[in-house]
Amino acid sequence: MRIKETELPGVGKKYTIELEEGGELTLIIHNTGRRELYLVEEEEEEPSCVFSLTEEEARELGFLLAGTTFQTVSTEKMELLMKEIVMEWVKVGENSSFIGKTIAELEIRRKTGVSIIAIIRDGEMIPSPDPYKEKIEAGDTLIVVGTREQLLKFLDMCGDCST
């Protein structure tokens with residue numbers, strides 16, 4: 001991959017990236033912070049796609065492109081994970097033995113091997129709930145991760161819970 005940088009006096013900078021599949025992607029960063037992206041297909045003179053981004057939009061897109069918010073997993077690793085690990089949404093019923101207790105108090109991971117990675121309560125997500133502070137309530141949806149065997153143990157322990 002080749003990147004060419006060009007000063008644009010009074011405007012900003014221009015970066016041109018030669019794409020592996022052919023064609024070029026050109027980014028113009030204006031002194032004002034605005035960004036313009038141009039996609040020029042192979043053997044074409046005019047861009048086939050043009051769009052503008054604010055500085056904030058460009059920063060967020062940059063985070064996504066750099067993989068800071070999502071890391072890819074190789075196909076081989078994903079196949080192995082999918083064979084072994086299950087993620088399930090479990091609704092806590094009115095008569096569950098979990099109600100009013102914390103994750104730590106219930107010793108869920110030790111007893112079942114399952115991890116509660118989030119709780120959905122009243123339409124709000126509680127990611128990575130504090131196992132010592134967050135008490136489980138009737139109507140909560142617990143997002144759990146474990147093997148199929150562990151999940152069955154968890155559902156049995158919960159009592160009035162459903163997937």
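Guide: A salt bridge here is a side-chain nitrogen of Lys or Arg within 4 Å of a carboxyl oxygen of Asp or Glu. This is a predicted model, in which local features need pLDDT of at least 70 and side-chain atom pairs count only at pLDDT 80 or more, while totals for chains, interfaces and linings use all residues. Residues are numbered from 1 along each chain as its sequence is written, and side-chain values use heavy atoms, with hydrogens and water left out.

Visitor: What makes Glu 107 and Lys 111 a salt bridge?

Guide: Their closest N and O atoms are 3.9 Å apart, and the pair counts because that value is within 4 Å. The structure holds nine salt bridges.

Visitor: Which salt bridge does Glu 107 form with Arg 110, and at what N to O distance?

Guide: The side chains of Glu 107 and Arg 110 meet at 3.1 Å, N to O, which is also within 4 Å.

Visitor: Why is Arg 110 called exposed?

Guide: Its relative accessible area is 60%. Exposed means over 50%, buried under 20%, and partly exposed in between (1.4 Å probe, protein chains only), so Arg 110 is exposed. Glu 107, at 33%, is partly exposed, and so is Lys 111, at 42%.

Visitor: How do you know that Glu 137 and Arg 121 form a salt bridge?

Guide: Their side chains meet at 3.4 Å, N to O, within the 4 Å cut-off. Glu 137 lies in the loop between strand E8 (124–127) and strand E9 (141–146), and Arg 121 in strand E7 (residues 115–121), so the pair ties together parts that are 16 residues apart in sequence. Strands are DSSP runs of at least two residues, numbered from the N terminus.

Visitor: Why is Thr 6 called partly exposed?

Guide: Its relative accessible area is 26%, and it lies in strand E1 (residues 2–8).

Visitor: What is Thr 6 in contact with, leaving aside its neighbours within four places in sequence?

Guide: Thr 6 is in contact (heavy atoms within 4.5 Å) with Gly 12, Lys 13 and Lys 14. Thr 6 and Ile 28 are 22 residues apart in sequence and 9.4 Å apart in space, C-alpha to C-alpha.

How values were computed. Helices (H or I, at least four residues) and strands (E, at least two) are DSSP runs, numbered from the N terminus.
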